[in-house]
Amino acid sequence: MLKLIVANLKSNKTQEEMQSWTTDLLTHLQKSTFPNDSLSLIIAPTFPALPVLDYRLQQDKHAFIQLATQDISPFPAGSYTGAVSTRNLEGLHVTHTIVGHSERRRYFHETHIDVANKVREALAAKITPILCLREEDILDQAAVLESDERKQCIVAFEPQDHIGTGIPDTLEDILKIKEVMTASFGSVPYLYGGSIDAMTDKELLQHPDIDGFLVGSASLTIDSLFSMIDRILLTS
Ligand code: PGA
């Protein structure tokens, strides 16, 4: 079963640290094999780290690795100081973008309409939105998206109280929210994010109804990222 892992590096890492993270990644991949079609690893670095990471991934191709941004402008290219539009990404191999992360909603006051505009911009550029939703966002966010837009998203249940706390939500809650998501978005890929790491219960990590995970802290080193990935993929 394919598991989708989104490594969200958030606002961490200098250029130099990102270079050594990438070196560690490529070194690790040289000595690892994964069962066919078992893993899709989507890396979301900071915007300044994107071109170098993209370049190095192009030199050393691994079909199961893709590139994402952590955010995208809700506007097209133009006079929007500070924003990064989909047009600015042309020439890079960005396939996904995270939108509506709770940290964006909370610290940058993004509204459901802003997030819907980001989804639209991404889809117009053929970039798949990874739409992050707290439980309280689901219905209101779905209401401001068209049905064909909802169907093209990957959704991620991201309970704010479990992000960066070291304590993931319970499997029961995660599966319950999946039903609410499915009722609004259809059977799109369903991810969970919030304190997932190599210590997380195997039952949660390997549950067939969870398509993957959005991972913050545990993606900051290649050791912690792949200890978690190994635990997800190794069923024995
Ligand atoms: P965390 O972050 O893994 O550090 O809890 C997850 C997230 O923000 O999605």
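Colleague: Which residues lie nearest the centre of the largest pocket, and how many line it?

Modeller: Rolling a probe the size of a water molecule over the atoms shows where empty space is left. Keep in mind that this is a predicted model. Here 21 residues line the largest pocket. Phe47, Gln70, Asp71, Arg104 and Phe108 lie nearest its centre. The volume is about 460 Å³.

Colleague: How does the lining of the largest pocket divide into nonpolar, polar and charged residues?

Modeller: Eight are nonpolar, eight are polar and five are charged.

Colleague: What about the second largest pocket: which residues are closest to its centre?

Modeller: Lys10, Gly164, Ser195, Gly216 and Ser217 are the closest, out of 21 lining residues. This pocket holds about 240 Å³ of space. Its lining divides into seven nonpolar, 11 polar and three charged residues.

Colleague: Ser195 turns up there. What is the phi of serine 195?

Modeller: Start with the general rule. Most residues other than glycine have a negative phi. Serine 195 has a positive phi, near 60°. The residue sits in the loop between strand S7 (190-193) and helix H8 (202-205).

Colleague: Is serine 195 buried or exposed?

Modeller: Buried means under 20% relative accessible area. Serine 195 has 15%, so serine 195 is buried.

Colleague: Where is histidine 109, and is histidine 109 buried or exposed?

Modeller: Histidine 109 lies in the loop between helix H3 (102-107) and helix H4 (112-124). Its phi is also positive, near 55°. For exposure, the cut-off is over 50%. Histidine 109 has a relative accessible area of 60%, so histidine 109 is exposed.

Colleague: Now the strands. In what order do they run in the barrel?

Modeller: Follow the pairing from strand to strand. The order is S1-S2-S3-S4-S5-S6-S7-S8, eight strands in a closed barrel with parallel pairing. On average, neighbouring strands are turned by 25° against each other, direction ignored. Helix H9 (residues 222-233) packs on this sheet and touches strand S1 (3-8), S2 and strand S8 (212-215). The direction of H9 makes about 165° with that of S1.

Colleague: How many bridges join S4 to S5?

Modeller: Four, and the two strands run parallel. S5 covers residues 128-133. Within S5, leucine 131 stands opposite valine 99.

Colleague: Last one. Which residues of helix H2 are buried, and what covers them?

Modeller: Read the helix residue by residue, then look at its neighbours. In H2 (residues 50-59), the buried residues are Leu50, Leu53, Asp54, Arg56 and Leu57. Their cover includes helix H1 (15-30) and strands S2 (39-44), S3 (65-69) and S4 (94-99).

Methods. Residues are numbered from 1 along each chain as its sequence is written. This is a predicted model: local features need pLDDT of at least 70, side-chain atom pairs count only at pLDDT 80 or more; totals for chains, interfaces and linings use all residues. Side-chain values use heavy atoms; hydrogens and water are left out. Buried means under 20% relative accessible area, exposed over 50%, partly exposed in between (1.4 Å probe, protein chains only). Contact means heavy atoms within 4.5 Å. Two strands pair if DSSP finds at least two bridges between them. Axes are lines fitted to C-alpha atoms, for helices over the stretch in contact, and angles run from 0 to 180 degrees between N-to-C directions. On a 1 Å grid over the protein atoms alone, a cavity is a set of points where a 1.4 Å probe fits but cannot get out, and a pocket is an open set with protein on both sides within 12 Å along at least five of seven lines; lining residues have an atom within 4 Å of a point. Grid points are joined across faces, edges and corners, and a volume is the space filled by probe spheres set on the points. Ala, Val, Leu, Ile, Met, Phe, Trp, Tyr, Cys and Pro count as nonpolar, Asp, Glu, Lys and Arg as charged, and the others, Gly among them, as polar.
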